[in-house]
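Subject: Structure for your review

Dear colleague,

Please find below the structure that I am handing over to you.

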Amino acid sequence: MPGLTLGDVVPDLELDTTHGKIRLHDFVGDAYAIIFSHPADFTPVCTTELSEMAGYAGEFDKRGVKLLGFSCDDVESHKDWIKDIEAYKPGRRVGFPIVADPDREAIRQLNMIDADEKDTAGGELPNRALHIVGPDKKVKLSFLFPACTGRNMAEVLRATDALLTAARHRVATPVNWKPGERVVIPPGVSDEEAKARFPAGFETAQLPSNKCYLRFTQVD
């Protein structure tokens with residue numbers, strides 16, 4: 001599925017992982033899941049990223065969000081690499097599965113190919129792609145980084161919180177939003193509907209256009 005993007009259903013791949021064989025749709029189940037790729041095992045940026053994701057795993061688990069890593073090496077290589085990842089920041093444990101994809105078939109179908117990076121044999125490598133997948137198996141949010149740039153896992157968690165809040169309350173989140181801060185009411189919601197849905201009320205920003213489209217409210 002080249003070009004996998006927001007709103008697309010992820011392919012129901014059968015995958016070999018450090019936790020055994022899985023089917024992607026069964027793994028996601030009725031939850032949200034984060035699937036994220038790494039160019040290769042035993043590489044510096046990837047090791048720091050996997051360590052940091054392991055450090056945040058408890059926060060994602062509290063939210064019922066599953067984690068699934070991808071790298072092109074085989075399962076035995078992954079298991080050896082995990083020892084390095086866990087040693088890099090003692091106390092962190094890689095409890096989530098890492099997919100083995102030596103033939104690069106999964107990363108092709110998940111739109112995780114880096115157009116510039118190649119392995120020593122000239123083979124394709126993954127970019128630093130990350131898709132947040134919903135219970136309907138559709139891509140809800142994507143990050144795409146080149147091999148040279150590590151991801152910010154705090155931002156992944158913040159974006160996940162924003163998605164979950166928007167889905168739960170049918171709202172949107174403004175710039176730099178963090179849990180507990182005010183959210184915005186989508187333009188398609190009338191003031192009358194907003195009053196019914198948000199009994200605590202809402203505040204409308206006064207703007208030069210006199211258009212009442214920027215409305216803030218508080219949700220749990």
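The notes below begin with the whole chain and then turn to individual residues.

This is a predicted model, in which local features need pLDDT of at least 70, side-chain atom pairs count only at pLDDT 80 or more, and totals for chains, interfaces and linings use all residues. Residues are numbered from 1 along each chain as its sequence is written, and side-chain values use heavy atoms, with hydrogens and water left out.

**Overall architecture**

The protein chain contains six helices and 12 strands; helices (H or I, at least four residues) and strands (E, at least two) are DSSP runs, numbered from the N terminus. Its C-alpha trace spans about 60 × 40 × 35 Å along the principal axes. Of the 220 residues in the protein chain, 45% are buried. Here, buried means under 20% relative accessible area, exposed means over 50%, and partly exposed lies in between (1.4 Å probe, protein chains only). Among contacts (heavy atoms within 4.5 Å) between residues at least 6 apart in sequence, 62% join residues at least 24 apart.

The domain assignment gives domain 1 (6-150) and domain 2 (169-219), with bounds that come from an automatic or database domain assignment. The centres of domain 1 and domain 2, taken over C-alpha atoms, are separated by 35 Å.

**The annotated active site and the cysteines**

UniProt places the feature "active site" at Cys46. UniProt positions are given in the numbering used here, feature names are shortened, and annotations may be inferred rather than shown by experiment. Cys46 belongs to helix α2 (residues 44-62) and counts as buried because its relative accessibility is 0%. Apart from neighbours within four places in sequence, Cys46 is in contact with His38, Pro39, Ala40, Trp81 and Arg128.

The structure holds zero disulfides, a disulfide being a pair of cysteine sulfur atoms within 2.5 Å. Cys72 is accordingly in no disulfide, and the nearest cysteine sulfur, that of Cys46, is 10 Å away. Cys72 is buried, at 3% relative accessibility.

Ser37 lies in strand β3 and is buried, with a relative accessible area of 0%. The side chain of Ser37 reaches the backbone oxygen of Asn127 at 2.7 Å. Leaving aside neighbours within four places in sequence, the contacts of Ser37 include Phe70, Met112, Arg128 and Arg151. Ser37 and Val99 are 62 residues apart in sequence and 9.0 Å apart in space, C-alpha to C-alpha.

His131 sits in strand β8 (residues 128-133) and counts as buried because its relative accessibility is 3%. Its side chain makes a polar contact with the side chain of Ser142 (2.7 Å). A polar contact is a pair of N or O atoms within 3.5 Å; within protein, one must be able to donate a hydrogen and the other to accept it, and residues adjacent in sequence count only if both atoms are side-chain atoms. Beyond neighbours within four places in sequence, His131 also touches residues including Leu4, Ile34, Leu110 and Val139.

**Nonpolar cores**

A nonpolar core is a set of buried Ala, Val, Leu, Ile, Met, Phe, Trp, Tyr and Cys residues joined through side-chain atoms within 4.5 Å. The largest has 26 residues, of which Ile34, Phe36, Met53, Phe60, Phe96 and Leu130 touch the most other members. At least two residues of this core come from each of β3 (32-37), α2, β4 (65-71), α3 (75-88), β8, β9 (139-145) and α5 (153-169). Helix α5 gives the most, with six residues. A second, separate core of 21 residues includes Val10, Ile35, Leu68 and Ile107.

The UniProt annotation "short sequence motif: Bipartite nuclear localization signal" covers residues 195-218. Over residues 195-218 the chain is 12% helix and 21% strand, with the end C-alpha atoms 12 Å apart.

Most residues other than glycine have a negative phi. Asn210, which is not a glycine, has a positive phi of about 60 degrees. Asn210 is found in the loop between β11 (203-204) and β12 (215-217) and counts as exposed, at 66% relative accessibility. Arg170 likewise has a positive phi, near 55 degrees. Arg170 lies in the loop between α5 and β10 (183-184) and is exposed, at 52% relative accessibility.

Yours sincerely
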